[in-house]
Amino acid sequence: MNVIVCKKCGYSFENKEPDTYFCPNCNKEMKFFKFEAFCGAKPNELHEIS
């Protein structure tokens with residue numbers, strides 16, 4: 001299962017690839033990042049402190 005999340009608010013979609021999508025919470029186009037947890041993945045841009 002692929003899960004992507006909005007970096008700003010955390011809204012998520014399933015079975016999509018990381019890209020720019022319309023986020024209903026932010027009410028604008030936002031960059032979505034692949035979310036990986038508990039699989040040995042290393043932190044990516046999503047985990048950077050803004």
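Colleague: What should I know before reading the model?

Modeller: The model is predicted: local features need pLDDT of at least 70, side-chain atom pairs count only at pLDDT 80 or more, and totals for chains, interfaces and linings use all residues. Residues are numbered from 1 along each chain as its sequence is written, and side-chain values use heavy atoms, with hydrogens and water left out.

Colleague: What is the order of the strands in the open sheet?

Modeller: Terms come before the case. Strands (E, at least two residues) are DSSP runs, numbered from the N terminus. Two of them pair if DSSP finds at least two bridges between them. Here four strands form an open sheet in the order β2-β1-β4-β3, with antiparallel pairing. Each of β2 and β3 has a single partner strand, so one side of each edge strand lacks a neighbour in the sheet.

Colleague: How many bridges join β3 and β4?

Modeller: Five bridges, in the antiparallel sense, join β3 (residues 19-23) to β4 (residues 28-34). Y21 has M30 as its bridge partner in β4. C23 stands opposite K28.

Colleague: Which residue in the hairpin of β3 and β4 takes a positive phi?

Modeller: Most residues other than glycine have a negative phi. In this hairpin, with four residues between the strands, N27 takes a positive phi near 60°. N27 is exposed (over 50% relative accessible area; buried is under 20%, partly exposed in between; 1.4 Å probe, protein chains only), with a value of 59%. N15 also has a positive phi, near 60°. N15 sits in the loop between β2 and β3. At 59% relative accessibility, N15 is exposed.

Colleague: How many aromatic pairs does the structure hold?

Modeller: Rings of Phe, Tyr and Trp (its six-membered ring) pair if their centres lie within 6.5 Å; planes under 30 degrees apart count as stacked, over 60 as edge-to-face and the rest as tilted. The structure holds four such pairs. F13 and F32 have ring centres 5.2 Å apart and planes at 40°, so this pair is tilted. The pair links distant parts of the chain, with F13 in β2 (residues 12-14) and F32 in β4, 19 residues apart. Ring pairs link Y11, F13, Y21 and F32 into a cluster.

Colleague: Are F13 and F32 buried or exposed?

Modeller: F13 is buried, at 18% relative accessible area. F32 is buried too, at 1%.

Colleague: Which residue lies over the face of F13?

Modeller: A charge sits over a ring if NZ of Lys or CZ of Arg is within 6 Å of the ring centre and within 35 degrees of the ring normal. K16 lies over the face of F13, at 4.9 Å from the ring centre.
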